[in-house]
Amino acid sequence: MNAKHEITAIVIMLVFCLIFAACAQKVEDKLTNKATDPSLLTSTSADKKAGSGNSNGTNEEPSPDDAKPITAVSETEKTTEESASSIEADVALDELKNFYGSLYTVTEDSGKGSKKNYKVTDKNGKEYARVTVDLSTADVTETITGTGEVNHWNMLV
């Protein structure tokens, strides 16, 4: 009777392991889809297809109502705004690692001044993308290696 209990326990443990593995695979697939989902990114190739029109996607001249009002900003307000929107290189690296998840490796590549370049590789070591972060504005430009597709987003949004 002891052997029956041991075999039953082993079968139950195997079932739990299989369920856990299936759930882990589902999470990994979700993370992969999140990192490459075009609806989460703004693509410049889509911008080129849409044309260089106004904000509603047409090539019509913008109306005077579309114009933004000009306001005077003092130098102290400018420096406060700039410092509020700037980020550090190590923070940008951490944000990119968080964005791409555990399926990708993000390493700092190079950079000049406020622009830092990062290299994103998949778990097999194949380069997935090159990313440039403007540290003064937190604007990110991602270039997918295989397709040349360019995506833009801001880390602070």
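## The two faces of strand β5

Strand β5 (139-144) has a covered face made by Val140, Glu142 and Ile144, while Asp139, Thr141 and Thr143 make up its uncovered face. Strands here are DSSP runs of type E with at least two residues, and helices are H or I runs of at least four residues, numbered from the N terminus.

This is a predicted model, in which local features need pLDDT of at least 70 and side-chain atom pairs count only at pLDDT 80 or more, while totals for chains, interfaces and linings use all residues. Residues are numbered from 1 along each chain as its sequence is written, and side-chain values use heavy atoms, with hydrogens and water left out.

## Partners of β5

Let's look at the neighbours of this strand. β4 and β5 run antiparallel and are joined by six bridges; two strands pair if DSSP finds at least two bridges between them.

## Ala138 in the turn

Which residue in the turn between β4 and β5 has a positive phi? Ala138 does, at about 65°, although Ala138 is not a glycine. The hairpin of β4 and β5 has four residues between the strands.

Is Ala138 buried or exposed? With a relative accessible area of 0%, Ala138 is buried. Buried means under 20% relative accessible area, exposed means over 50%, and partly exposed lies in between, using a 1.4 Å probe and protein chains only. The C-alpha atoms of Ala138 and Val157 are separated by 9.2 Å, with the two residues 19 apart along the chain.

Now for another part of the model. Ile7, Val11, Ile12, Val15, Phe16 and Ile19 make a nonpolar surface patch of about 570 Å². Patch residues have over 30% relative accessible area and no salt bridge, with nonpolar side chains joined within 5 Å and like charges within 9 Å. A salt bridge is a Lys or Arg side-chain nitrogen within 4 Å of an Asp or Glu carboxyl oxygen. Areas come from the Shrake-Rupley method with a 1.4 Å probe, and for residues only the protein chains shown count as cover.

Ile12 sits in helix α1 (residues 2-36). Ile12 counts as partly exposed because its relative accessibility is 43%.
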